[in-house]
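Subject: Structure handover

Hello,

Here is the structure I said I would pass on. My notes on it follow below.

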Amino acid sequence: MSAKNRDVLLYIDPTCPFAWVTSRWLLHAVKERPAYTPRFSIMSLYVLNEGRDLDPDYRVVIDQTMSPAHLFMAVQRELGQEAFSKLYTAWGERFHVQDRKDDYLEVARESLEEAGIDASYLEHWEGRTYEAELREEQAKVQKMVGDDVGTPVISFGSGTAYFGPVLTRAPRGEEAGTLLDGLAAMSTVRGFAELKRARTGGLDFS
């Protein structure tokens, strides 16, 4: 697939604030680079951290990620990309931007309604209907980037996939497009493994 007709696949866990910021950047970026088509897919922080010795407080947070992941997997498999993207936007505006983390289930219920998805999909919240598929998707992500990274993971369909970009705010305009250009270029470099710097400041969801 040429750069003039190229999918950009972002793997997200819906509870991760950094994945949310990155997803908003990607939507801004493709407005500047319309040859790219953004696509989203689920990955699971729960499955990634299964069996690991975590700080007890962080374990509580991770355990709460499983139900949202199952809901999003069901929507992805049964309704497709457009529905997944609409649900993620509705969820993220509530869960991340409005910081409504006191009742995950209510956030899910409202998000389904806003996205135009039948409330019956809440049966997947605890139903674990797509358990095997969720684990397969996570295994695919880890095969691409290893098991010592988190979410988001970005892939351009060929070449190197990698963890990131980790952003504290979503670039807009040409800045967003320039970042996409750079990431696409890095995906073509064999042997590329890591870029990193310490984060400064807090998250900016504006």
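At 39% relative accessibility, Lys140 counts as partly exposed. Please keep in mind that this is a predicted model. Lys140 makes a salt bridge with Glu137, with 3.5 Å between the closest N and O atoms. The two residues sit three places apart in helix α8, so about one helical turn separates them. In general, residues three or four places apart in an α-helix point the same way, because the helix has 3.6 residues a turn.

Glu137

Is Glu137 buried or exposed? Glu137 is buried, with a relative accessible area of 7%. Besides the bridge to Lys140, the side chain of Glu137 has a polar contact of 2.6 Å with the side chain of Ser41. Leaving out residues up to four places away in sequence, Glu137 touches Tyr11, Ser41, Ile42, Met73, Gln76 and Arg77.

Other salt bridges

The whole structure holds 14 salt bridges. One of them joins the side chains of Arg135 and Glu50, at 2.6 Å from N to O. Arg135 belongs to helix α8 (residues 131-145) and Glu50 to the loop between α2 (45-48) and α3 (56-63), so this pair ties together parts that are 85 residues apart in sequence. Both ends are partly exposed: Arg135 has a relative accessible area of 29%, and Glu50 is at 39%.

Arg109 and Glu106 form another salt bridge, with their closest N and O atoms 2.8 Å apart. These two residues are three apart in helix α6 (residues 104-115), so they are separated by about one helical turn. Arg109 is partly exposed at 37% relative accessible area, and Glu106 is partly exposed at 26%.

There is also a network: Arg94, Arg100, Glu110 and Glu114 are joined by salt bridges that share partners.

Helix α9

Helix α9 covers residues 173-186, which makes 14 residues. At 1.5 Å a residue the helix should span 20 Å, and its end C-alpha atoms are 21 Å apart, which agrees. Which residues of α9 are buried? They are Ala176, Gly177, Leu180, Leu183 and Ala184. Viewed down the axis of α9, the buried residues fall within an arc of 125 degrees, so they line one face of the helix. The buried residues of α9 pack against β1 (6-12), α1 (17-32), β2 (36-42), β3 (153-155) and β4 (162-163).

In soluble globular proteins, nonpolar side chains tend to be buried together. The largest nonpolar core here has 53 residues, and Trp25 and Phe156 touch the most other members. Elements giving two or more residues to this core are β1, α1, β2, α2, α4 (66-79), α5 (81-97), α6 and α9. Helix α1 supplies the largest share, eight residues.

What does Phe156 touch, not counting residues up to four places away in sequence? Its contacts are Arg6, Asp7, Val8, Tyr36, Tyr162, Leu180, Leu183, Ala184 and Ser187. Leu180, Leu183 and Ala184 are among the buried residues of α9 listed above.

Another core, of seven residues, lies apart from the largest one; its members include Tyr11, Met43, Val149 and Ala161. Tyr11 is also one of the residues that Glu137 touches.

Backbone points to check by eye

Most residues other than glycine have a negative phi, and most peptide bonds are trans. The residues below depart from that.

- The peptide bond from Thr151 to Pro152 is cis, with omega near 10 degrees. Pro152 is in the loop between α8 and β3.
- The peptide bond from Gly164 to Pro165 is also cis, with omega near 0 degrees. Pro165 is in the loop between β4 and α9.
- Asp99, which is not a glycine, has a positive phi near 55 degrees. Asp99 is in the loop between α5 and α6 and counts as exposed, at 53% relative accessibility.
- Arg128, again not a glycine, has a positive phi of about 55 degrees. Arg128 lies in the loop between α7 (123-127) and α8 and is partly exposed, with a relative accessible area of 29%.

Regards

Terms used: Residues are numbered from 1 along each chain as its sequence is written. This is a predicted model: local features need pLDDT of at least 70, side-chain atom pairs count only at pLDDT 80 or more; totals for chains, interfaces and linings use all residues. Side-chain values use heavy atoms; hydrogens and water are left out. A salt bridge is a side-chain nitrogen of Lys or Arg within 4 Å of a carboxyl oxygen of Asp or Glu. Helices (H or I, at least four residues) and strands (E, at least two) are DSSP runs, numbered from the N terminus. Buried means under 20% relative accessible area, exposed over 50%, partly exposed in between (1.4 Å probe, protein chains only). The expected span of a helix is 1.5 Å times one less than its number of residues. The arc is that of the directions from the helix axis to the C-beta atoms. Contact means heavy atoms within 4.5 Å. A nonpolar core is a set of buried Ala, Val, Leu, Ile, Met, Phe, Trp, Tyr and Cys residues joined through side-chain atoms within 4.5 Å. A polar contact is a pair of N or O atoms within 3.5 Å; within protein, one must be able to donate a hydrogen and the other to accept it, and residues adjacent in sequence count only if both atoms are side-chain atoms.
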